[in-house]
Amino acid sequence: PALVGTTLPFWLKPPGFSFKAFEAIEFLIAILFFHTGISFLYAHFENKTATIRSKSQLLLIGIFCLLTAILIGLNINNNLELNKYVHKSIFIIYGFSAIFIGALYVVPFSFFRRMGGETILCVGLGMMPVLGAYIIQASDLTRTVYLASLPIVVSTGLWVWISELISRSDDENSGHKTMVMLFSVPFAGRFVTTILTVLIYLSLVLAVFGRSSLNPLSLTALLSIGFALKIISLSMKELSIIKNMLKARKYAFLIHLTLCIIIIVSSLLTEFTGL
């Protein structure tokens, strides 16, 4: 998703845009440290046993990674030249928003144990990297970018949903409350999974034809519908067979990956071929 946000300006052509390679690399490194930090903190507060790391080590590594991400982000902000009418603190606000979303998931509310954690993951993993990378390259942020990130948000949601279907029994035993528990297993596994799968492609079409947020060439991602049909087919089978759901999750990941790659390539083609 961060690469999607980095390349979107080639298609949207915001005023004064010129590609900032060093800042793009800085942001990717910051995102890597940020996600790593949240992952270590999640492992700490989830009380997961680690063979080579104690809980205190997980906590310290998580804090170190987050602080590193914040320092890199501050350096990016100091060197960021924003457009004339853009709020001078937009990247700081973005950074606080990212930290807030990460904190919601881990502490103090521990949304990884609660209903609603899925939404936080979709926004944190699907939308926030796109927005941050775009701000750096375009020195601005518009509603068009939110619309462009929508297919990635929904595809992340499908991936998370199927993962929760797989871990439903373990989550119930450990006292976790997830969205899939709101519904019966057949309804959550068949109906909701199918709806989310269809919504990915509807959101892609909306992003292309609504405000031209994405290059029309992004519609070639519709070719991944073969993966979607596999997911729907597997969800209609016996949901208690973990092997089937693991395959469905694999196909959900492939849809997500395909979407990102095609959006990136189609945006770059605008610059190098004029398509």
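Colleague: What should I know about the numbering and the source before we start?

Modeller: This is a predicted model, so local features need pLDDT of at least 70 and side-chain atom pairs count only at pLDDT 80 or more, whereas totals for chains, interfaces and linings use all residues. Residues are numbered from 1 along each chain as its sequence is written, and side-chain values use heavy atoms, with hydrogens and water left out.

Colleague: Fine. How many aromatic pairs are there?

Modeller: The count comes to ten aromatic pairs, where rings of Phe, Tyr and Trp (its six-membered ring) pair if their centres lie within 6.5 Å, and planes under 30 degrees apart count as stacked, over 60 as edge-to-face and the rest as tilted. One of them joins Phe-10 and Phe-19, a tilted pair with 5.6 Å centre to centre and 35° between the planes.

Colleague: Is Phe-10 buried or exposed?

Modeller: Phe-10 is buried at 8% relative accessibility, while Phe-19 is partly exposed at 43%; buried means under 20% relative accessible area, exposed over 50% and partly exposed in between, with a 1.4 Å probe and protein chains only.

Colleague: And why is the pair of Trp-161 and Phe-183 called tilted?

Modeller: The ring centres of Trp-161 and Phe-183 are 6.3 Å apart and the planes stand at 55°, so this pair is tilted. Trp-161 lies in helix α6 (residues 143–166) and Phe-183 in the loop between α7 (168–173) and α8 (185–209), so the pair ties together parts that are 22 residues apart in sequence. Helices here are DSSP runs (H or I, at least four residues), numbered from the N terminus. Trp-161 is buried at 7% relative accessibility, whereas Phe-183 is partly exposed at 30%.

Colleague: Which residues form the aromatic cluster with Trp-161?

Modeller: Phe-183, Phe-187 and Phe-191 form one aromatic cluster together with Trp-161.

Colleague: Switching to charges, how many salt bridges does the structure hold?

Modeller: The structure holds one salt bridge, meaning a side-chain nitrogen of Lys or Arg within 4 Å of a carboxyl oxygen of Asp or Glu. It links Glu-172 and Arg-168, whose closest N and O atoms are 3.4 Å apart. Glu-172 and Arg-168 are four residues apart in helix α7, and therefore separated by about one helical turn. Glu-172 is partly exposed at 44% relative accessibility, but Arg-168 is buried at 12%.

Colleague: What does Ala-188 touch?

Modeller: Not counting residues up to four places away in sequence, Ala-188 touches Trp-161, Leu-165, Arg-168, Val-180, Phe-183 and Thr-193, contact being heavy atoms within 4.5 Å. Ala-188 has its place in helix α8 and is buried, with a relative accessibility of 0%. Its C-alpha atom is separated by 9.3 Å from that of Ile-162, 26 residues apart along the chain.

Colleague: Where does α8 bend?

Modeller: Helix α8 bends by about 25° at Val-192, the bend being the angle between axes fitted to the seven residues ending there and the seven starting there. With 25 residues, α8 reaches 36 Å from its first C-alpha to its last, close to the 36 Å expected at 1.5 Å a residue; the expected span is 1.5 Å times one less than the number of residues.

Colleague: Which residues is Tyr-201 in contact with?

Modeller: Leaving aside neighbours within four places in sequence, Tyr-201 is in contact with Ala-221, Leu-222, Ser-224, Ile-225, Ala-228 and Ile-255. Tyr-201 is found in helix α8 and is buried, with a relative accessible area of 10%.

Colleague: What covers the buried residues of α4?

Modeller: The cover includes α2 (21–45), α3 (55–78) and α5 (117–138), and the buried residues of α4 include Ile-90, Phe-91, Tyr-94 and Ala-98.

Key
Helices (H or I, at least four residues) and strands (E, at least two) are DSSP runs, numbered from the N terminus.
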